[in-house]
Amino acid sequence: MKHVDIFTDGACSGNPGPGGWGAILRFNGKEKELSGGAADTTNNRMELTAVIEAVKALKEPCEIVITSDSSYVCKAFLEGWIFNWIKKGWKKGSSEIPNTDLWKELLTVLGPHSYTFVWVKGHNGHPENERCDKLATAQAELFR
């Protein structure tokens, strides 16, 4: 299985507001950058979208390491929240888990892959995270 490093970030100007996402895929010393945005969204939706779009870009099952500054995305997997949400029908108490549509899509695109999530502190000099932040912010600006 090929090993691919994925770095992602999401940004939002206002929450909700115009938002963007950025991703870097690294395989065998080569990098590919992806980005996009939406006119009316939230930061969490952009964080999730960044991971979804990056994983969707893979053409075959891979071993992937996803590095993000989003504790929302990372902790869902690292602390097992997402598996409890599934067991409880995507509910926390009587309320539906926010962004269920994107969580379900993320699980679908991750399906054929072996994956690990790594959380990094945002805006702390991590080169790939800083680059993804610039990609995401530039996309959000297009919708202002």
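Tutor: Here come your questions, each answered from its definition.

Tutor: A quick word on the basis: this is a predicted model, where local features need pLDDT of at least 70, side-chain atom pairs count only at pLDDT 80 or more, and totals for chains, interfaces and linings use all residues. Residues are numbered from 1 along each chain as its sequence is written, and side-chain values use heavy atoms, with hydrogens and water left out.

Student: Why does aspartate 69 count as buried?
Tutor: Buried means under 20% relative accessible area, exposed over 50%, and partly exposed in between (1.4 Å probe, protein chains only). Aspartate 69 has 15% relative accessibility, so it counts as buried. You'll find aspartate 69 in the loop between β4 and α2; helices (H or I, at least four residues) and strands (E, at least two) are DSSP runs, numbered from the N terminus.

Student: What does aspartate 69 touch, apart from residues up to four places away in sequence?
Tutor: Contact means heavy atoms within 4.5 Å. On that basis aspartate 69 touches Thr8, Asp9, Glu47, Trp119, Val120, Lys121, Gly122 and Asn129.

Student: Why is β4 described as largely enclosed by the rest of the structure?
Tutor: Because 5 of the 7 residues of β4 are buried.

Student: What makes β4 and β7 a pair?
Tutor: Two strands pair if DSSP finds at least two bridges between them. β4 and β7 (residues 114-119) have 6, in the parallel sense, so they pair by that rule. Serine 68, for instance, has tryptophan 119 in β7 as its bridge partner. β4 also pairs with β1, again in the parallel sense, over 7 bridges, and there isoleucine 6 is bridged to isoleucine 66 of β4.

Student: What makes a set of residues a nonpolar core?
Tutor: They must be buried Ala, Val, Leu, Ile, Met, Phe, Trp, Tyr and Cys residues, joined through side-chain atoms within 4.5 Å. The largest such core here has 32 residues, and Ile6, Ile64, Trp103 and Leu106 touch the most other members. Its largest share, 7 residues, comes from α1.
Tutor: In soluble globular proteins, nonpolar side chains tend to be buried together.
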